[in-house]
Amino acid sequence: MKQRITLLGAGSWGTALALLLAKNNCEVLLWGHDENEIAGLDKHREHRQLLPGYILPEQISLTTNLEAAASFSELILVAVPSHAFANTLVNLKAAQQSETIKIAWVTKGLNPQDGRLLHQVVADIFTPETPAAILSGPTFAREVAQSLPTAITIASNQSAFALKLAEIFHNERFRAYTSSDIIGVEVGGAVKNVLAIAAGIADGLGFGANTRAALITRGLNEIMRLGIKLGGKQETFVGLAGLGDLVLTCTDNQSRNRRFGLALGQGKTRAEIVKEIGQEIEGISAAKETYMLAKQHGIDMPITEQTYKVLYENLNPLVAVQNLLARDQKAES
Ligand SMILES: NC(=O)C1=CN([C@@H]2O[C@H](COP(=O)(O)OP(=O)(O)OC[C@H]3O[C@@H](n4cnc5c(N)ncnc54)[C@H](OP(=O)(O)O)[C@@H]3O)[C@@H](O)[C@H]2O)C=CC1
Ligand SMILES: O=C(CO)COP(=O)(O)O
């Protein structure tokens, strides 16, 4: 029998993953909250706005009905943005009929307001024993839709669940590595978006490749300091979900977070850019939550702090970079 998967979130990443899973011979029910978006996907069999040119095969069906989504499979893959993560799961739980559920997610971010890691949100809504896994790494949706070679990390609280997911996702163009370090993978994915905004700002201001490389390297240091404090493992941060994704999003203009920073550095306003990009820019809220977490845990995260101040305290981007350069001399650690 074909593996069935319920996929929640019909944006660019949800749609690209539905295509991948269909290629891997799974049956996918793709749920979205927006009637028009789902009706358009069903009619054209293509996400014309976000992933034009990639036709949805018949193994992918569509719904806006969460009860139907909950009963389609006990394996749930969540691809909604972080601001919708908790609410979507609360609604899913209310719609759920069966006792068993396994939750995987590809969302990169922290819970708004309280900065909880998303595995904590899953454990609070379901139970700490619920099989839970995050899939993360350097993965632009369009490149996955194109079947360009890609590698990810799948981290779970249950090794059998990580292995099962790796089997489901893995193919000759999509390599899935397993891990037990959910915290490390979550922190890597959330904080790299903040750093991609910072790298974009520096490039938008006209700073060069040296500056970008310095921001990436010192940014990785910030991810590690916070991630290790929260319980993540050092090796995760130099893997796909840490350094891999950080390099990808800080250096390639497919990244919405980087493009957002670029435009800020070029003098556009936050509202203008958000409208122009028209998709989720997770680093905007992650900057606030990461800054709060760093303060709460007494961790020095100067790039995150300056990015936060640009976004939330109206700090001029050029002054933010100057503030970073004006810091006291110290040992590299
Ligand atoms: N795109 C990528 O390359 C990758 C993305 N990710 C992560 O995946 C997550 C989703 O991103 P992505 O698909 O790219 O974002 P998009 O902006 O492409 O799509 C977001 C989708 O979420 C929907 N949405 C918004 N609010 C809600 C809500 N309250 N309930 C349910 N659905 C909602 C949007 O619907 P509407 O249009 O109606 O608002 C839209 O369909 C993010 O956390 C991102 O960081 C991870 C790896 C790669
Ligand atoms: O997470 C991503 C690639 O791994 C997508 O990055 P952006 O959200 O910046 O586009």
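In these legends, Ala, Val, Leu, Ile, Met, Phe, Trp, Tyr, Cys and Pro count as nonpolar, Asp, Glu, Lys and Arg count as charged, and the others, Gly among them, count as polar. The views show a predicted model, in which local features need pLDDT of at least 70 and side-chain atom pairs count only at pLDDT 80 or more, while totals for chains, interfaces and linings use all residues. Residues are numbered from 1 along each chain as its sequence is written, and chains are lettered from A and ligands numbered from 1 in the order in which they are written.

Figure 1. The chain is divided into domain 1 (4-180) and domain 2 (190-326), with bounds that come from an automatic or database domain assignment. The C-alpha centres of domain 1 and domain 2 lie 25 Å apart. Where the domains meet, 20 residues of domain 1 are in contact with 18 residues of domain 2, contact meaning that the C-beta atoms of two residues, placed from the backbone, lie within 7 Å. On the side of domain 1 that touches domain 2, two or more residues come from each of H4, strand E9 (150-156) and strand E10 (174-179); helices (H or I, at least four residues) and strands (E, at least two) are DSSP runs, numbered from the N terminus. E9 gives the most to this side of domain 1, with three residues. By class, the residues of this side are eight nonpolar, 10 polar and two charged.

**Figure 2. The shell of residues around ligand 2.** The shell around ligand 2 holds 13 residues, of which Thr139, Thr249, Ser255, Arg256 and Asn257 are the closest; a residue is near a molecule if its C-beta atom, placed from the backbone, lies within 6 Å of it. Two or more residues of this shell come from each of H8, H11 and helix H12 (256-265), and H11 gives the most, with three residues. Sorted by class, the shell around ligand 2 has four nonpolar, five polar and four charged residues. Ligand 2 lies between domain 1 (4-180) and domain 2 (190-326), because both domains give residues to its shell.

**Figure 3. The shell of residues around ligand 1.** Ligand 1 has 27 residues around it, and Gly11, Ser12, Trp13, Ala84 and Gln279 come nearest. Helix H1 (12-23) and helix H4 (82-95) each supply at least two residues of this shell, which by class has 10 nonpolar, 12 polar and five charged residues. At least three residues of the shell around ligand 1 are drawn from each of domain 1 (4-180) and domain 2 (190-326).

**Figure 4. Trp13 and His33, two of the residues annotated as binding site.** In an unreviewed UniProt entry, the annotation "binding site" covers Ser12, Trp13, His33, Lys108, Ala141, Arg256 and Glu282; UniProt positions are given in the numbering used here, feature names are shortened, and annotations may be inferred rather than shown by experiment. Trp13 is found in helix H1 and is buried, with 25 other C-beta atoms within 10 Å. A residue is called buried if 20 or more other C-beta atoms lie within 10 Å of its own, exposed if 12 or fewer, and partly exposed in between, with C-beta atoms placed from the backbone. Leaving aside residues up to four places away in sequence, Trp13 touches Ala79, Val106 and Ala141. His33 sits in the loop between strand E2 (27-31) and helix H2 (35-44), and His33 counts as partly exposed because it has 16 C-beta neighbours inside 10 Å.

Figure 5. The feature "active site" is placed at Lys192 by UniProt, in an unreviewed entry. Lys192 is in helix H8 (residues 182-204), and Lys192 counts as buried because it has 33 C-beta neighbours inside 10 Å. When residues up to four places away in sequence are not counted, Lys192 touches Ile223, Asp245, Leu246 and Thr249.

Figure 6. Helix H9 (residues 209-230) has 22 residues and reaches 31 Å from its first C-alpha to its last, close to the 32 Å expected at 1.5 Å a residue, where the expected span is 1.5 Å times one less than the number of residues. Among the buried residues of H9 are Leu215, Ile216, Gly219, Ile223 and Met224, and what covers the buried residues of H9 includes H8, helix H10 (234-237), helix H11 (240-251), helix H14 (282-297) and helix H15 (302-312). In the loop between H8 and H9 lies Gly208, which is exposed, with 9 other C-beta atoms within 10 Å. Just after H9, Gly231 takes a positive phi of about 115°.
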